[in-house]
Amino acid sequence: MTINQISVFLENKSGRLAEVTKVLADAQINLRAMTIADTKDFGILRLVVNDAEKACQVLEKNGFTVRITKVLGIEIDDRPGGLHYIMETFKNNGISIEYLYASLVGGKKDKAVVVFKVEDIELGLQIVDRSSLVTVSEKDL
């Protein structure tokens, strides 16, 4: 199972992130996980939301450049070494990780979710299935 992640390209100037969150809040879009990477001139905001298609529509309507990307959301035990098992599994199977970020799992104690952007999503899904890792959807976050 994959998750639809939204990437929003932002000018690196004061208030731009607040504009994104306002557009989403006004449209009743719930943020599930997010991360931002920036340079001197621009940033890439990556979001997992409860309705990616609607979020893209309202963001584009408000002048933002957006893209949907398939990512993996993998549930891990919230304990020392929980992430290491997945990292070793990916390493041992030649899965290249482009980036990752974490989120808590809604209502689940002692669990977290790591969102992975891997180079080959289909191979990543096969390895996840073979390794009995638990994937989550946007609704699970």
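Colleague: Which helix holds Leu 17?
Modeller: This is a predicted model: local features need pLDDT of at least 70, side-chain atom pairs count only at pLDDT 80 or more, and totals for chains, interfaces and linings use all residues. Numbering starts from 1 along each chain as its sequence is written, and side-chain values use heavy atoms, leaving out hydrogens and water. Helices are DSSP runs of H or I with at least four residues, and strands are runs of E with at least two, numbered from the N terminus. Leu 17 belongs to the run covering residues 16-26, helix α1.

Colleague: Why does Leu 17 count as partly exposed?
Modeller: Under 20% relative accessible area is buried, over 50% is exposed, and partly exposed is in between (1.4 Å probe, protein chains only). Leu 17 counts as partly exposed because its relative accessibility is 35%.

Colleague: Which residue in β6 is the bridge partner of Gly 73?
Modeller: Strands pair if DSSP finds at least two bridges between them. In β6, Gly 73 is partnered by Val 115.

Colleague: And which residue stands opposite Glu 75 in β7?
Modeller: β4 also runs antiparallel to β7 (residues 134-135), joined by 2 bridges. Opposite Glu 75 you'll find Val 134.

Colleague: How many bridges link β1 and β4?
Modeller: Here Gln 5 has Thr 69 in β4 as its bridge partner. Strands β1 (residues 3-11) and β4 (residues 65-77) are antiparallel, and their bridges number 7.
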